[in-house]
Amino acid sequence: MKFRLLVCFSIILLPQLASGMDVITWMQKDQRKTAEGRITATHETGLILQTTDGMMWPITNDEIISRERNDQGFLLLNEAQLSQRLLVELPAGFKIHKTAHYVICYNTSRAYAQWSGALYERLYRGFVNYWSQRGIEIHDPAQPMVAVVFDNQASFAKYSERELGAATSSVIGYYSMQTNRVAMYDLTGTSAQSGVRRSTVSQINQVLSRPEAEWTVATIVHEATHQLAFNCGMQQRYADIPLWISEGLAIYFETPDLGSSKGWRSIGKVNRTRLARAKQVLSRSNQAVLPGLLSSDDSFRKAASALDSYALAWSLNYYLLKRYPREYANYLKQLSEREALKDPPKGERIVEFNHYFGEDLNQFERNFRKYLASLR
Ligand SMILES: [Zn+2]
């Protein structure tokens with residue numbers, strides 16, 4: 001009840017209907033930046049400004065130099081305007097490939113852009129069907145989703161360095177909450193020993209269906225799943241969504257399904273790599289792992305513990321979806337209503353978890369361990 005009241009209250013406060021746009025000038029790192037848009041969230045320490053290209057800028061009060069209002073209505077750019085904006089922003093040589101829900105901006109082969117578009121659309125259909133069947137309302141994105149596809153690692157690195165820093169060299173694709181885009185590079189470029197660019201969609205599919213490519217394709221799907229969750233009403237960007245659920249959910253979808261022309265038949269398949277890792281973590285100690293996993297995101301962000309936490313997150317989401325499907329759906333609905341910058345108090349995550357999945361976390365963990373041990 002408490003949660004529902006909070007939700008109604010916050011919906012009324014959403015400033016979406018306000019007319020006119022906010023024009024803010026602020027210092028971003030060492031650069032002065034001006035942008036106009038709508039403020040989607042506020043906090044005593046700052047705000048989030050959404051611009052018409054769908055980007056969201058978290059700005060602290062200290063960074064703001066000036067703030068005004070104009071009389072223009074806020075309208076997200078449509079497909080053609082967004083495409084135009086991308087072509088202006090990116091270096092020369094980029095082209096646009098449009099699909100039903102995506103604008104794919106690429107400087108690699110057209111076939112690779114088509115392959116990516118088809119993969120994303122299949123994932124989109126699979127994602128929408130999967131959740132609709134489980135009572136989760138999924139809506140179309142307010143604006144086409146953007147994927148930027150680079151021809152090689154070097155051009156990808158140039159684009160992503162600003163956001164990823166030193167991690168750029170070890171990343172093959174990512175979703176950015178700020179730009180709302182996924183960015184990646186042509187994966188066949190690296191596996192094509194001959195150096196010849198694969199020129200048809202089926203050749204690309206052939207290269208990327210090989211077992212050694214599974215992990216790389218899974219990463220691309222994983223990042224696209226984050227983008228879907230944030231654009232189809234499941235999660236709000238910059239809201240406090242526990243990583244155990246957002247990451248576990250992205251892994252839940254990531255098993256590549258390159259064989260099917262429709263849908264995404266491998267959703268919810270046992271992820272053997274993650275399962276093996278989770279079993280290893282649990283067998284190391286009888287000490288409870290769930291309190292730490294549920295209450296803090298820290299272990300996901302530290303290199304030493306990240307893989308363990310991702311494995312546990314996948315396992316926990318898998319277990320909940322199999323054993324507590326209705327409760328899981330209700331919890332997702334509550335999280336979907338959580339707004340940016342409105343973080344619940346510390347300690348609330350475990351209270352919420354207990355609210356949906358039972359009061360006795362120790363007993364829950366014993367059942368969870370038993371279930372995983374029996375999973376093959
Ligand atoms: Zn992720």
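Mentor: Let's start with a term: a salt bridge is a side-chain nitrogen of Lys or Arg within 4 Å of a carboxyl oxygen of Asp or Glu. Before we use it, note that this is a predicted model, where local features need pLDDT of at least 70, side-chain atom pairs count only at pLDDT 80 or more, and totals for chains, interfaces and linings use all residues. Residues are numbered from 1 along each chain as its sequence is written, and side-chain values use heavy atoms, with hydrogens and water left out.

Trainee: Okay, how many salt bridges does that rule give?

Mentor: Eleven. One of them joins Glu-89 and Arg-181, whose side chains meet at 2.7 Å, N to O. Glu-89 sits in helix H2 (residues 79-89) and Arg-181 in strand S10 (residues 181-185), so to speak two distant parts of the chain, 92 residues apart. Helices (H or I, at least four residues) and strands (E, at least two) are DSSP runs, numbered from the N terminus.

Trainee: And is Arg-181 buried or exposed?

Mentor: Check the relative accessible area: under 20% is buried, over 50% exposed, and in between partly exposed (1.4 Å probe, protein chains only). Arg-181 has 6% relative accessibility, so Arg-181 counts as buried.

Trainee: What does Asp-22 pair with?

Mentor: Asp-22 bridges to Arg-69, with the closest N and O atoms 2.8 Å apart. Asp-22 belongs to strand S1 (residues 22-28) and Arg-69 to strand S5 (residues 64-69), so the bridge ties together parts that are 47 residues apart in sequence. Asp-22 is buried, at 10% relative accessible area, while Arg-69 is partly exposed at 44%.

Trainee: Which residue forms a salt bridge with Arg-274?

Mentor: That's Glu-254, with 3.3 Å between the closest N and O atoms. Arg-274 is in helix H9 and Glu-254 in the loop between H8 and H9, so parts that are 20 residues apart in sequence get tied together. Both Arg-274 and Glu-254 are buried. Salt bridges can also join up into a network, as they do for Asp-240, Asp-297 and Arg-349.

Trainee: Now the metal. Which atoms coordinate the zinc ion?

Mentor: Look for donors, meaning N, O and S atoms within 2.8 Å of the metal (3.2 Å for Na, K and Ca); water is not among the atoms, so sites may look incomplete. Here the zinc ion is held by NE2 of His-222, NE2 of His-226 and two OE entries from Glu-247, at 2.0 to 2.7 Å. Along the sequence the donor residues follow the spacing H-x3-H-x20-E. His-222 is in helix H7 (residues 214-231) and Glu-247 in helix H8 (residues 243-253), 25 residues apart, so to speak a link between distant parts of the chain. Both His-222 and Glu-247 are buried.

Trainee: Which residues touch the most other members of the largest nonpolar core?

Mentor: A nonpolar core is a set of buried Ala, Val, Leu, Ile, Met, Phe, Trp, Tyr and Cys residues joined through side-chain atoms within 4.5 Å. In the largest one, with 99 residues, they are Trp-131, Leu-208, Trp-244, Leu-316 and Phe-364. Helix H3 (residues 110-132) gives the largest share, twelve residues. Domain 2 (79-234) and domain 3 (272-374), with bounds from an automatic or database domain assignment, both contribute residues, so this core lies between them. Apart from it lies another core of nine residues, including Ala-35, Leu-47, Leu-49 and Trp-57.

Trainee: What does Thr-52 have contact with?

Mentor: Contact means heavy atoms within 4.5 Å. Leaving aside neighbours within four places in sequence, Thr-52 is in contact with Met-21, Phe-74, Leu-75, Leu-76, Leu-77, Arg-85 and Gln-143. You'll find Thr-52 in the loop between strand S3 (46-51) and strand S4 (56-60), and Thr-52 is buried at 14% relative accessible area.

Trainee: And where is Lys-269?

Mentor: In the loop between H8 and helix H9 (272-284). Lys-269 is partly exposed, at 47% relative accessibility. Not counting residues up to four places away in sequence, Lys-269 touches Thr-255, Trp-314 and Tyr-318.

Trainee: Last one: what is the phi of Asn-180?

Mentor: Most residues other than glycine have a negative phi. Asn-180 is not a glycine, yet its phi is positive, about 70°. Asn-180 is in the loop between strand S9 (173-175) and S10, and is buried at 9% relative accessible area. Leu-341 also has a positive phi, near 65°; Leu-341 lies in the loop between helix H13 (325-336) and helix H14 (348-357) and is partly exposed at 24%.
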